[in-house]
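Me: I've got a model open and I'd like to go through it piece by piece. Can you help me read it?

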Amino acid sequence: MEQTSIERIEELTEQLNQWRHEYYNINTPTISDAVYDRVYDELERLENQVGFRMSNSPM
């Protein structure tokens, strides 16, 4: 079954928030800045395209 845009937004939001926690709160990043930026850009594009943003979006 293909993932919907809303489901992808939820997934990306959760992942980005986890990575932010690792970076800012526990000072143990698990991914590079380039990977974070690529995923962030995907989330931003999807949110703008769909017109939906979760309340805990890192945007």
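Me: Is E47 buried or exposed?
Reply: E47 counts as buried, because its relative accessibility is 3% and the cut-off for buried is under 20%. Please keep in mind, as we go on, that this is a predicted model.

Me: Ok, and where is E47 placed?
Reply: E47 sits in helix α2, the helix that covers residues 33-50.

Me: Which side chains make polar contacts with the side chain of E47?
Reply: The side chain of R53 makes a polar contact with that of E47 at 2.7 Å, and the side chain of S57 is joined to E47 by a polar contact of 2.8 Å.

Me: Switching to the surface: which residues make the nonpolar patch?
Reply: I6, V50 and F52 together make a nonpolar surface patch of about 200 Å². V50 belongs to helix α2 and is partly exposed, since its relative accessible area is 35%, which lies between the cut-offs of 20% and 50%.

Me: How many aromatic pairs are there in the whole structure?
Reply: A search of the whole structure finds three aromatic pairs. In one of them, the ring centres of Y23 and Y24 are 4.8 Å apart and the planes stand at 80 degrees, so this pair is edge-to-face.

Me: Which residues do ring pairs link into a cluster?
Reply: That cluster consists of W19, Y36 and Y40, which are linked by ring pairs.

Me: Now the whole chain: how many helices and strands does it have?
Reply: The chain has two helices and zero strands, and its C-alpha trace spans about 35 × 20 × 20 Å along the principal axes.

Me: What share of the residues is buried, and what is the accessible surface?
Reply: Buried residues make up 22% of the 59 residues in the chain, while the accessible surface comes to about 4300 Å², with 45% of this belonging to carbon and sulfur atoms.

Key:
Residues numbered from 1 in each chain as written. Predicted model: local features only at pLDDT ≥ 70, side-chain atom pairs only at ≥ 80, totals over all residues. Heavy atoms only, no water. Patch = residues over 30% accessible without salt bridge, like charges linked within 9 Å, V, L, I, M, F, W, Y side chains within 5 Å. Areas by Shrake-Rupley, 256 points an atom, 1.4 Å probe, with all protein chains shown as cover. Salt bridge = Lys/Arg side-chain N within 4 Å of Asp/Glu carboxyl O. Helix = DSSP H or I, 4+ residues; strand = E, 2+ residues; numbered from the N terminus. Buried < 20%, exposed > 50% of the residue type's maximum accessible area, 1.4 Å probe, protein only. Polar contact = N/O pair within 3.5 Å; in protein donor to acceptor, adjacent residues only side chain to side chain. Phe/Tyr/Trp six-rings, centres within 6.5 Å; stacked < 30°, edge-to-face > 60°.
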